[in-house]
Amino acid sequence: METRATAIRTDWAVAEVAELFGLPLHDLLYQAHGLHRTHFDPAEVQISTLMSIKTGGCPEDCGYCPQSVHFNTGLTPEALVPLAVVVEAARTARERGATRFCMGAAYRNPKPGQLARITEMVRAVRGLGLETCATLGMLTRDQAEALRDAGLDYYNHNLDTSEAFYPQVISTRTYADRLDTLKTVRDAGLKVCCGGIIGLGEADQDRIELLHTLATLPEHPESVPVNQLVQVAGTTLNGQAPVDPLTFVRVIAVARILMPKSRIRLSAGRTDMSDELQALCFFAGANSIFYGEQLLTTPNPAADHDLDLLARLGLRPAAPPAPA
Ligand code: SAM
Ligand code: DTB
Ligand code: SF4
């Protein structure tokens, strides 16, 4: 089979996505890796560090999430962290090699006073020469523009799963709400970071439909986080059967083929993945990771281990962005 350096398409049919998903693994990897090389330096991995700027107490009921008020996960809700603490964390992340700093808040949507404080954080982090990303729930157009004007580069808002499976995971916010927020963010001129979670109990068809929805948005998200469920005691989805690692690789490879120019991020769940599985994900087209010992509220691999893994694979952290 030849690799196909096709044009960027947003008109994929579900059947085409299903066909890719079902290819013999070597054919799928051959095609994905070929496209990866066409559009990216295959030795480069973009490094993002996450910080929870507002932890817990979230009114939404996402069945996977330790920060929802609907579950008792032993997490103590915290207030929005002070600006100086965020700046210090961002400086440390930059010193350790991160080029993007992602600020996450356990909100359904930010209130005006909260947003004003967060725009200050964005301005300060951008001032350190880092790319900025925020994930704050639903946004109004004015809020998205205020974040953009403060220097926000990316807004993370995930679809999480297929539209069909979604109601089994979340009841307090609809799939349409999520698509609306993505449109608002895009219309405001922000780059979009949008992906999902594998391991919620969804079928392969749901994975195919999630990938299809992402790849048929009016523009592909510049950044596509593929999370593996981090199981947390007390959440509805704790105790799900583990994901077949090779199925996870298939999701990455199909994402790479459908969205050849997007950064595919091997996101949450890496503490449960072997080095070999991560190596296969990078080969399949993943070229971004969350870096640093903590995701939002759960652990991530040690930074030293990640740097060592990248070195063993002959991969290197991507250079920081050119100054704005
Ligand atoms: N509250 C905002 C929202 O949901 O839009 C932003 C923060 S929320 C924690 C961001 C994303 O993290 C979720 O959409 C979900 O995809 C991911 N996430 C949350 N808990 C997770 C878990 N236990 N395992 C994997 N991904 C998770
Ligand atoms: C994304 O797709 N994954 C990140 C980020 N976007 C905000 C969040 C992962 C959270 C994992 C569970 C936790 O640490 O609370
Ligand atoms: Fe709230 Fe986001 Fe967690 Fe859902 S994923 S409960 S919206 S913090």
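A residue counts as near a molecule if one of its heavy atoms lies within 4 Å of it. The structure here is a predicted model.

**Ligand 2**

The shell around ligand 2 holds 13 residues. The closest are Asn158, Asn227, Leu296, Thr297 and Thr298. By class, the shell has 7 nonpolar and 6 polar residues. No charged residue takes part in the shell of ligand 2.

| Residue | Part of the residue with the N or O atom | Distance to an oxygen atom of ligand 2 |
|---|---|---|
| Thr297 | side chain | 2.7 Å |
| Asn227 | side chain | 2.8 Å |
| Leu296 | backbone | 3.0 Å |

Asn227 and Thr297 use their side chains, whereas Leu296 uses its backbone. On its own, ligand 2 has 410 Å² of accessible area. The protein covers 87% of that area. Where does ligand 2 lie? The space taken by ligand 2 is the largest cavity.

**Ligand 3**

Which residues are around ligand 3? They are Cys58, Glu60, Cys62, Tyr64, Cys65, Ser68, Ala106 and Arg173. This shell divides into 5 nonpolar, 1 polar and 2 charged residues. Glu60 and Arg173 are among the residues around ligand 3, and both residue types count as charged. Ser68 is also in the shell. Ligand 3, too, sits in the largest cavity.

**In brief**

The shell of ligand 2 has no charged residues, while the shell of ligand 3 has 2. The largest cavity holds ligand 2 and ligand 3.

Notes. Residues numbered from 1 in each chain as written. Chains lettered and ligands numbered in written order. Predicted model: local features only at pLDDT ≥ 70, side-chain atom pairs only at ≥ 80, totals over all residues. Heavy atoms only, no water. Polar contact = N/O pair within 3.5 Å; in protein donor to acceptor, adjacent residues only side chain to side chain. Areas by Shrake-Rupley, 256 points an atom, 1.4 Å probe, with all protein chains shown as cover. 1 Å grid on protein atoms, 1.4 Å probe; cavity = no way out; pocket = protein on both sides within 12 Å on 5 of 7 lines; lining within 4 Å. Sits in = over half its atoms within 2 Å of the grid points.
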